[in-house]
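This briefing walks through one protein model, topic by topic, for a reader who is new to looking at structures. Please keep the sequence and the 3D view open beside the text while you read.

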Amino acid sequence: MVGLPGSGKSTWVAGHLAGSHVVVSKDHWPRARHREARQQRVVAELLAEGRSVVVDNTSPSVAERAPLIALAAAAGVPARAVFLDVPVATCRERNEARTGAARVPLVGLHSAAGRLVPPTTAEGLTGVTVVRP
């Protein structure tokens, strides 16, 4: 998954992939140290078991997606991206409607927006699906 906080990634995953894929997200371990390393370890283990995995994170940049694409390649499975192309203003409105820990600080939203590079097959992805509101 690729998209800003509030773009609807988790909702899209729940409606389209949760029944057929193991959902992995750094949000599952909010207080854990080394969440990135833990996520990569969990994804690698699941792929080694032959499981289908969806990573539900913002993954805004090529550099942030590269380790996950490499894990898929090492496991001999295709890596695809679903890009939720949602305007920052819409994401901000949705985020403001969230409460508690679900609300992302605005600096986090804008930081992700500044790093956002739409995914392409040039990164090693076998396909990219673009979802717009």
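Predicted model: local features only at pLDDT ≥ 70, side-chain atom pairs only at ≥ 80, totals over all residues.

Leaving out residues up to four places away in sequence, V23 touches V13, A18, H28, V54 and D56.

**V23 and its strand**

- V23 lies in strand β1, which covers residues 22-24.
- With a relative accessible area of 26%, V23 is partly exposed, because this value falls between the limit of under 20% for buried and the limit of over 50% for exposed.
- V23 and F83 are 60 residues apart along the chain, and their C-alpha atoms are separated by 16 Å.

**Strands β3 and β4**

- Strand β3, made of residues 80-84, has four of its five residues buried, and it is therefore largely enclosed by the rest of the structure.
- Strands β3 and β4 run parallel and are joined by five bridges, with β4 spanning residues 127-131.
- Within this pairing, A81 has V128 in β4 as its bridge partner.

**Helices α2 and α3**

- Two packed helices are described by the angle between their axes and by the distance between those axes.
- For α2 and helix α3, the latter formed by residues 62-75, the axes come within 10 Å and cross at roughly 25°.
- The two helices α2 and α3 are therefore roughly parallel to each other, since an angle under 35 degrees counts as roughly parallel.
- The crossing in which α2 passes α3 is right-handed.
- On the α2 side the residues that meet α3 are Q39, Q40, V43, A44 and L47, while on the α3 side they are P67, L68, L71, A72 and A75.
- A44, one of the contact residues named for α2, belongs to a helix that runs over residues 35-48.
- A44 is partly exposed, and its relative accessible area is 31%.
- Between A44 and L125 there are 17 Å in space, taken from C-alpha to C-alpha, and the two residues are 81 residues apart in sequence.

**Helices α4 and α5**

- Helix α4 (residues 88-96) packs with helix α5 (residues 106-115) at an angle of about 155°, and their axes are 11 Å apart.
- The helices α4 and α5 are therefore roughly antiparallel to each other, since an angle over 145 degrees counts as roughly antiparallel.
- As with the other pair, a handedness can be given, and α4 passes α5 in a right-handed crossing.
- V88, C91 and R92 are the residues of α4 that meet α5, where their counterparts are L106, L109, H110 and A113.
- The residues of this contact of α4 with α5 divide into five nonpolar, one polar and one charged.
- N95 also has its place in helix α4, and with a relative accessible area of 2% it is buried.
- When its neighbours within four places in sequence are set aside, N95 is in contact with A102, R103 and V104.

- Most residues other than glycine have a negative phi.
- H34 is not a glycine, yet its phi is positive, at about 60°.
- The position of H34 is in the loop between β1 and α2, where H34 is exposed, with a relative accessible area of 60%.
- S59, which is not a glycine either, has a positive phi of about 40°.
- S59 sits in the loop between β2, which covers 53-55, and α3.
- S59 is buried, because its relative accessible area of 8% is under 20%.

**G15 in helix α1**

- G15 is found in helix α1, which is formed by residues 9-16.
- G15 is exposed, because its relative accessible area of 60% is over 50%.
- The C-alpha atoms of G15 and L116 are separated by 24 Å, and along the chain these two residues are 101 residues apart.

Terms used: Residues numbered from 1 in each chain as written. Heavy atoms only, no water. Buried < 20%, exposed > 50% of the residue type's maximum accessible area, 1.4 Å probe, protein only. Pairing = 2+ DSSP bridges. Axes fitted to C-alpha atoms, helices over the stretch in contact; angles between N-to-C directions. Parallel < 35°, antiparallel > 145°, perpendicular 65-115°, else oblique. Left-handed = near helix turned anticlockwise from the far one by under 90°. Contact = heavy atoms within 4.5 Å. Nonpolar A, V, L, I, M, F, W, Y, C, P; charged D, E, K, R; others polar.
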